[in-house]
Amino acid sequence: MATDPIRVIEEMCVGCKQCVSACPFGAIEMQERLACIDLNKCTVCGACVETCKFDAIEMQEQSNQADVVDLAAFKGVWVLAEQFDGQVESITYELLGEGRKLADALNMELCAVLLGSNIGGKAQELISRGADKVYVADAPELDYFSDEPYAQVIIKMIKDYSPNIVLCGATTVGRSLVSRVAVSVNAGLTADCTGLDIDPETGNLLQTRPAFGGNIMATIVSPHHRPQMATVRHKVMKEAPVDETREGEVVNVALTPDLLASRTKRLRYVPEEGATVNITEANILVSGGRGIQKPENFDVIAELAKVLKAGIGASRAAVDSDWIPYSHQVGQTGKTVCPKLYIACGISGQIQHLAGMSSAETIVAINRDPDAPIFSVATYGVVGDALEIVPKLTAECKKILGK
Amino acid sequence: MHFVVCIKQVPDTHDVKINPETNTLMREGVESIINPFDMYAIEEAVRLRERLGGTVTALTMGPPQAESALREAVAMGVDKGILVSDRAFAGSDTWATSYTLAKAIEKIGDATVILFGKQASDGDTAQVGPGVATHLDLPQITYVRKIEEINENHIVAERLLEGGFEAIESPLPCVLTVVKEINEPRLPSLKGKMAARKAEITTWGGDAIGADPDKLGLNGSPTKVVKIFTPPPREGGEMIEGDPDEIARKLAEKIKDIIIEAAS
């Protein structure tokens with residue numbers, strides 16, 4: 001078997017314990033004045049290697065010679081566009097905004113990849129949002145997302161055109177799709193990124209993402225593999241501005257029947273009733289929790305949401321009491337959201353809930369309990385009864401918006 | 001039919017705290033639990049066996065102590081547990097993890113349905129389920145909220161999407177990742193707990209599953225963590241006080257710019 005991926009060089013270790021406190025995972029202990037790494041806890045993140053002033057911790061070189069690819073042969077920043085019902089989803093514009101920066105930093109082309117049926121007309125829209133080139137894969141089989149054809153087409157394109165970076169939305173569809181693609185093309189894939197940057201020295205994509213429910217952040221690279229693939233969280237990056245005068249190239253991708261074959265088949269699609277706003281896409285979310293007391297009282301939340309053109313969220317407590325469907329649940333076992341404004345009404349803010357919303361730009365919390373943990377993340381806090389305050393807030397907002 | 005449910009032992013996020021002095025995760029005394037999403041996968045696998053007969057195997061990759069997660073699964077009604085564990089697995093990212101699990105499932109041999117929770121609560125990637133499907137060249141249905149129909153050869157399941165759901169038909173074997181909406185996991189029965197204590201847990205290393213050492217652990221992982229840090233704490237909140245009317249007025253003033261922008 002392979003040797004241990006990380007080890008302490010005993011002759012070099014002076015027993016200074018710096019690495020013990022540097023380890024985020026509590027995996028290093030001192031044994032007989034020498035650092036000792038518990039590989040069952042170690043994630044080989046390298047924090048100790050960096051901290052050790054005596055070069056006493058050695059990490060195994062990651063890549064095998066056989067795997068080394070000619071990194072310079074991979075060019076272009078790709079954005080996998082997401083469309084629903086022939087309309088380009090807003091996450092795509094966010095990816096193009098971020099992709100443009102990365103492409104400029106690398107002096108490479110920004111390309112959008114658009115799959116659909118009779119979708120070619122949307123290519124110009126992607127060019128006006130910053131794409132230099134749009135690859136269009138047009139076929140009836142690609143009308144809506146289907147795991148295998150979508151993956152097969154993109155895998156083929158990656159093999160044909162060798163992009164350097166491939167970005168995709170961290171949506172239900174995006175995560176299902178790129179996980180298959182990354183394994184097939186032997187690429188590194190980082191999920192749910194909230195920050196992307198180019199390392200000026202190596203040109204590697206620095207991918208930053210939350211882990212452990214947002215308790216820690218990790219920066220991840222794929223130094224020896226291309227393309228570098230990442231899914232990006234909704235609402236974190238700014239949408240690319242529209243410039244109608246921009247010009248770009250449209251490339252129609254040749255599709256063969258084997259690429260479009262699927263073992264699975266969609267029998268029907270059922271839109272959720274009453275769900276006017278997808279909560280991961282909403283700029284504003286109004287959320288209700290246990291403090292809303294009963295299902296009828298969600299009308300109070302809904303009213304404010306309507307005035308603000310906001311989505312309606314809920315805590316686990318409200319969903320588990322069947323006051324509102326699961327698709328509205330925000331938090332660790334629900335959805336992670338990142339709106340501009342999150343209004344938490346009668347939500348105490350258990351850590352699982354905070355994990356799903358604490359990266360919102362502005363947070364308003366209304367709760368009766370002054371010690372509720374939600375106040376620790378709130379930009380503006382109100383100690384009081386949400387059922388009393390929310391209708392008044394709704395009235396004030398109506399005034400502001402001239403409704 | 002053979003239902004294989006892949007689970008992960010994770011730290012209970014309730015307990016994960018940051019040491020304010022060193023800015024690192026404090027893991028001492030942190031309890032390990034089965035990833036909450038995997039509980040729904042276990043429950044669904046057990047329900048499928050109760051309806052259709054067959055066997056449920058829980059599979060996990062992790063350090064030796066992950067055995068306790070498998071025993072918990074047995075207490076919930078799983079028939080047997082397999083732990084894949086090897087020092088060579090250390091440093092695995094989702095690519096190497098899905099390869100390793102896929103090799104173990106190949107060794108199991110006759111899996112009909114392979115179930116996962118939609119994602120793990122520590123890594124939150126949702127990449128391993130589809131990754132395993134790809135390594136095994138199997139179809140997948142992700143984010144399953146309901147199994148409508150299943151027999152020896154095919155399955156119809158509802159996949160939750162952002163704005164609704166779709167019913168998808170797939171031949172078997174296939175890979176499913178499930179969401180919370182699918183069921184309510186049971187509490188372990190007394191009989192289950194006794195079975196868990198007596199259960200023999202099989203342990204396989206990299207050699208046993210016939211894995212290519214170059215595809216395991218750090219070697220097999222394209223991604224590499226270069227930095228770990230704690231996010232900057234949110235700014236101290238401002239408390240808005242007064243009578244309810246006053247509060248509403250002040251609050252509306254504070255969020256004025258955002259709501260005007262969103263409305264335009």
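Contact here means heavy atoms within 4.5 Å. The model is predicted, so local features need pLDDT of at least 70 and side-chain atom pairs count only at pLDDT 80 or more, while totals for chains, interfaces and linings use all residues; side-chain values use heavy atoms, without hydrogens and water.
- V286(A), F298(A), L308(A) and I343(A) touch the most other members of the largest nonpolar core, which has 41 residues.
- A nonpolar core is a set of buried Ala, Val, Leu, Ile, Met, Phe, Trp, Tyr and Cys residues joined through side-chain atoms within 4.5 Å.
- Helix α11 (residues 386-400) of chain A supplies the largest share of this core, six residues.
- Another core lies apart from it and has 34 residues, among them A45(B), L70(B), C174(B) and V178(B).

**Fold of chain A**
- Chain A has 11 helices and 22 strands, taken as DSSP runs (helices H or I, at least four residues; strands E, at least two) numbered from the N terminus.
- The C-alpha trace of chain A spans about 70 × 60 × 40 Å along its principal axes.
- Among contacts in chain A between residues at least 6 apart in sequence, 63% join residues at least 24 apart.

**Burial and surface of chain A**
- Of its 403 residues, 59% count as buried, meaning under 20% relative accessible area (1.4 Å probe, protein chains only).
- Carbon and sulfur atoms hold 48% of the accessible surface of about 16,500 Å² in chain A.

Note on methods
Residues numbered from 1 in each chain as written. Chains lettered and ligands numbered in written order. Buried < 20%, exposed > 50% of the residue type's maximum accessible area, 1.4 Å probe, protein only. Areas by Shrake-Rupley, 256 points an atom, 1.4 Å probe, with all protein chains shown as cover.
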